[in-house]
Amino acid sequence: MTNKPPIRVLVAKPGLDGHDRGAKIIARALRDAGMEVIYTGLRQTPEMIVSAAIQEDVDCIGLSILSGAHNVIVPRIAALLREQRAEDILLVLGGTIPDEDQPKLKENGVSAIFGPGTPLETTITFIRENVKPRGLLIS
């Protein structure tokens, strides 16, 4: 039995939102669950997030948005992932996202939306069960 590499997750705070406590909590929980976590910090542009995700060869991008800019930022990130042929990267979203905005975000490639109060284990389990397996190297 071979050891699978750990799931690599990029946690990002896009836009002008200055509140990162939740992002830091989820980053620590994912790390404690055995995942490799890259936290990009505050005020990231969609271009910076997608570039970092590709450079770091991540399996998942976790966005934390509390600013209300999700309807602009998330579709841009999804479009950039498609342009880079990286839409196989699991895209999840956390934050205060109104129910009426969620269907459109999911149409744009968001696999799951975790609102305030979501148990950390729910997010961890979702990522583990939905991340796409990495390609096999054939020698």
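The buried residues of helix 5 are Thr123, Ile124 and Ile127. Buried here means under 20% relative accessible area, exposed means over 50%, and partly exposed lies in between (1.4 Å probe, protein chains only). Helices (H or I, at least four residues) and strands (E, at least two) are DSSP runs, numbered from the N terminus. Seen down the axis of helix 5, the buried residues fall within an arc of 100 degrees, so they line one face of the helix. The arc is that of the directions from the helix axis to the C-beta atoms. These buried residues pack against strand 1, helix 1 (21-32), strand 3, strand 4 and strand 5. Contact means heavy atoms within 4.5 Å.

The model is predicted, with residues numbered from 1 along each chain as its sequence is written. Local features need pLDDT of at least 70, side-chain atom pairs count only at pLDDT 80 or more, totals for chains, interfaces and linings use all residues, and side-chain values use heavy atoms, with hydrogens and water left out.

The rings of Phe114 and Phe126 have their centres 5.8 Å apart and their planes at 75 degrees, so the pair is edge-to-face. Rings of Phe, Tyr and Trp (its six-membered ring) pair if their centres lie within 6.5 Å; planes under 30 degrees apart count as stacked, over 60 as edge-to-face and the rest as tilted. Phe114 is buried, at a relative accessible area of 12%.

Strand 3 (residues 60-65) comes next. Six of its six residues are buried, so the strand is largely enclosed by the rest of the structure. Cys60, Gly62 and Ser64 point one way from strand 3. Ile61, Leu63 and Ile65 point the other way. Strand 3 pairs with strand 1 in the parallel sense, over four bridges. Two strands pair if DSSP finds at least two bridges between them. Within strand 3, Cys60 stands opposite Val9. Strand 4 (residues 90-95) also runs parallel to strand 3, joined to it by six bridges. Here Leu63 stands opposite Leu93 in strand 4. Strand 3, helix 3 (residues 70-83) and strand 4 make a right-handed β-α-β unit. A crossover is right-handed if, with the strands pointing away from the viewer, the path from the first strand over the helix to the second runs clockwise.

Strand 1 (residues 8-12) includes Arg8. Arg8 is buried, with a relative accessible area of 17%. Its side chain makes a polar contact of 2.3 Å with the side chain of Glu36. A polar contact is a pair of N or O atoms within 3.5 Å; within protein, one must be able to donate a hydrogen and the other to accept it, and residues adjacent in sequence count only if both atoms are side-chain atoms. Pro6 is in the segment before strand 1. At 33% relative accessibility, Pro6 counts as partly exposed. Pro6 and Met35 are 29 residues apart in sequence but 5.3 Å apart in space, C-alpha to C-alpha.

In helix 2 (residues 46-55), the buried residues are Pro46, Ile49, Val50 and Ala53. They cover an arc of only 90 degrees around the axis, which puts them on the same side of helix 2. An α-helix has 3.6 residues a turn, so residues three or four places apart point the same way. The cover over the buried residues of helix 2 includes strand 1, strand 3 and helix 3.

Most residues other than glycine have a negative phi. Asp57, in the loop between helix 2 and strand 3, has a positive phi near 50 degrees. Asp57 counts as partly exposed, at 47% relative accessibility. Arg85 lies in the loop between helix 3 and strand 4. Its phi is positive too, at about 55 degrees. Arg85 counts as exposed, at 74% relative accessibility. Asn108 is placed in the loop between helix 4 (102-107) and strand 5. Asn108 is buried, with a relative accessible area of 15%. Not counting residues up to four places away in sequence, Asn108 touches Pro75, Ala78 and Arg82.
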